[in-house]
Amino acid sequence: VQRDLNVAIAEFTELKQQLERDTLVLSILKKLQEFDTALKEYNIALLEKKYVVAAQQLEKARSSLKMLESRKGFELKILKALGTELTVQTQNMLYHLGEEWQKLAVWKLPPSKETISPESVTHSELHLCTLPSKEEEIAGPPVASVLQAFAVLGELRTKLKTFGQLLLKYILKPLISYPFIQPFAEEQSDGVTLRFKSEEPNLDHSSPVEVFGKIKFILEVLHKYLLNVPVEQSVGDKECRVTLAELLGGMIWEELSDCLIQKCLVNSIPTNSSKLEQYIEVIKSTEEFEKALKKMQFLKGDTTDLLKYARNVNSHFANKKCQDVIVAARNLMTSEIHNTVKITPDSCVALPKLPDPGSGDHVKRQSTSRLLPDEMVGLENGTKLSRYTFSLPACRISSSVEQLMELAYQTLLEATASTDQCCIQLFYSVRNIFQLFYDVVPTYHKENLQKLPQLAAIHHNNCMYIAHHLLTMGHQFRYRLTSILCDGAATFVDLVPGFRRLGMECFLAQMRVQKGEILERLSSARNFSNMDDEENYRAANKAVRQVLHQLKRLGKVWQDVLPVTVYCKAMGTLLNTALAEVAARITALEDISAEDADRLHSLCRTMVEEGPQVFTPLPEEDKNKKYQEEVPVYVQKWMTFKQLMIVLQASLQEIVDQWADGKGPLAAEFSPAEVKSLIRALFQNTERRAAALARIK
């Protein structure tokens, strides 16, 4: 019995394994049959142009092939051939679908595809064919059939992406960029054609309302004739129904939205706070535009970046205004300095008319006045200050700097009417203007400021003019800016010392250059020695003439440019340099003959007579006499030089009389050692000279 049982078990096991093999072979044969059936049905459906059925049969065949390939241990050689056949049939199907798609959406594009110009846009067309032929009516609308077939094969997104890129490049983006291009649709028997025409350009940039209208028109036409088609789309293991509009929107919306912001909304941001209220219309049109796109299922979800950008207009206005202000300021700073305007104490500065201070201002003032002690009230006397006491003296400044100050005042005035955040941004933009001036102007105009004395003087005036306004600018606007700035932050006074220093350093550098030229010219005078030698005298005379010519030229260059007091101090300093150098050279001589003394006196007389003539601060000659008479005030060594001239022509007794035991005019200008040196150089060694020297102490 046991033996029979073992034999039965062995037979049963063998039969079971054979059954499993047969079952597996049967299932493989069944899958091969399914594959074959699917391909046959696919071919029939393709001939009948039932594209959805054909695509579904291809997918069934693909599923069967995958199942066969997953069976381990049954690597059939036929599978490779089946895979090749499936690929060929899939490509054949895609070719047919592509042909149909090209009939449905026909593009007529300009020959050049690199750059899109307004002319090329007007030659672009998009024809949408919507009417099916009689043979195709059984399979339903061709659009739905073709697109669903693409979806089944997993190629719909690729086709839509290509279509979306063409739509953006040749239609949507040009409509945003070129305001004069208008779209229109021509309905025909078999569909509709989108065309474009060019109109006379009225503005550089389209208004958002117009742009939204054009884009909406294009998308409505596409939605009506092409995009309003539901397709079955597989997401993971699930099948979901989506419209073509939703798929296309997801592909191109981000790029379209960015283009609308950069090329349209950015340009529509107001440049003036008074126009901000009108921007509500743009926000409303943006909301309506998005609502229309959501209705067409082109958009889904909550508020997009486009609407967020439009609603955040206050921030964008502030950023744009600040950017425009800085750009305008930099353009003014890099313009020519030598175009000037005259500033006088009487001239009215183009200041904006500010409203009366608020009640809070009055309260602060009253409370401050109460803190003052009673006895201080009676300190006023009848004396009144001149109305010009705190005025900027008459001078010439660059017209660009005057415009720069007007820009600063107008920007601050704009800030007073803006929101708190915008007000703060605009205020600090004005501060940035002046900090930019401090950095840009000395660098950009460096070479001219070093070479040209007139430009150095104008730059000095520009800096003083700006510093003058910065003293009071913050105070003028203090109670009209946002409360955050009213607590002491609204000031420009901290910039004043820097601007004054900037102007002075530039002008003093030019003064050093001029001083160097004077000393260089006088160095060719051969130390004013041996004037009895004709060649030496000519060299000294030439040096003196060159110095006077240089000073006269400077006097003309700075005339009516520098304030009178600055002009006189500058010219006085340079003339003083020349006189001091000549006096030092003469007093250093060890031997001066009578002829030398006469010729030296002649040279000195030339300088004394012609020196005052370099003082011509005003264009009117008769008004300059006053300043020419005041030369001793501005030239420190003037009296020293005149005393030197007296000594060169004086006798020993006259020199002793001029000294007057250290109390005379000569003693006021020269030290005993210098006078003794001059006496030794001028007079021979005699008892009279020794006596005179003894009295100089």
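Is Gln643 buried or exposed? With a relative accessible area of 7%, Gln643 is buried, where buried denotes under 20% relative accessible area, exposed over 50%, and partly exposed the range in between (1.4 Å probe, protein chains only).

**Before selecting anything else**

The model is predicted: local features need pLDDT of at least 70, side-chain atom pairs count only at pLDDT 80 or more, and totals for chains, interfaces and linings use all residues. Residues are numbered from 1 along each chain as its sequence is written, and side-chain values use heavy atoms, with hydrogens and water left out.

**Whole chain**

Display the chain as a cartoon: 28 helices and eight strands are present. Helices (H or I, at least four residues) and strands (E, at least two) are DSSP runs, numbered from the N terminus. Of the 697 residues in the chain, 43% are buried. Contacts (heavy atoms within 4.5 Å) with a separation of 6 or more are made up, for 76%, by residues 24 or more positions apart.

**Stop 1: Gln643 and its surroundings**

Return to Gln643, which belongs to helix α24 (residues 638-649). Select its contacts next: leaving aside neighbours within four places in sequence, they are Gln658, Pro665, Leu666, Glu669 and Phe670.

**Stop 2: helix α11**

Select residues 313-333, the 21 residues of helix α11. From first C-alpha to last, α11 reaches 30 Å, close to the 30 Å expected at 1.5 Å a residue; the expected span is 1.5 Å times one less than the number of residues. Colour the buried residues of α11, among them Val313, His316, Phe317, Lys320, Lys321, Val325, Leu332 and Met333. An α-helix has 3.6 residues a turn, so residues three or four places apart point the same way.

**Stop 3: the nonpolar cores**

A nonpolar core is a set of buried Ala, Val, Leu, Ile, Met, Phe, Trp, Tyr and Cys residues joined through side-chain atoms within 4.5 Å. The largest has 129 residues, of which Met93, Phe163, Leu167, Leu222, Phe434, Phe437 and Met473 touch the most other members. Helix α8 gives the most to this core, with twelve residues. Domain 1 (1-101) and domain 2 (109-132 + 140-302) each supply at least three residues to this core; these bounds come from an automatic or database domain assignment.

Centre the view on Phe437. Not counting residues up to four places away in sequence, Phe437 touches Met333, Val401, Leu404, Pro442, His459, Cys463, Ile466, Phe499 and Leu502. A second, separate core of 72 residues includes Leu589, Val647, Leu682 and Ile696.

**Stop 4: aromatic pairs**

How many aromatic pairs does a search of the whole structure find? The search finds twelve. Rings of Phe, Tyr and Trp (its six-membered ring) pair if their centres lie within 6.5 Å; planes under 30 degrees apart count as stacked, over 60 as edge-to-face and the rest as tilted.

Select Tyr438 and Phe499, an edge-to-face pair at 6.1 Å centre to centre with 75 degrees between the planes. This pair links distant parts of the chain, with Tyr438 in helix α14 and Phe499 in helix α18 (residues 496-522), 61 residues apart. Tyr438 is partly exposed at 30% relative accessibility, whereas Phe499 is buried at 2%.

Move to Phe615 and Tyr634, a stacked pair at 6.3 Å centre to centre with 25 degrees between the planes. Phe615 lies in the loop between α21 (594-610) and α22 (621-629), and Tyr634 in helix α23 (residues 631-634), 19 residues apart. Phe615 is buried, with a relative accessible area of 0%; Tyr634 is partly exposed, at 21%.

Finally, select Phe427, Tyr428, Phe434, Phe437, Tyr438, Phe492 and Phe499, which ring pairs link into a cluster.

**Stop 5: charges over rings**

A charge sits over a ring if NZ of Lys or CZ of Arg is within 6 Å of the ring centre and within 35 degrees of the ring normal. Lys197 lies over the face of Phe184, at 5.6 Å from the ring centre. Arg599 lies over the face of Tyr537, at 4.6 Å from the ring centre.

**Stop 6: positive phi**

Gln297, although not a glycine, has a positive phi of about 65 degrees. Gln297 is placed in the loop between α9 and α10 and is partly exposed, with a relative accessible area of 34%. Phe528, likewise not a glycine, has a positive phi of about 60 degrees. Phe528 is placed in the loop between α18 and α19 (534-558) and is buried, with a relative accessible area of 2%.
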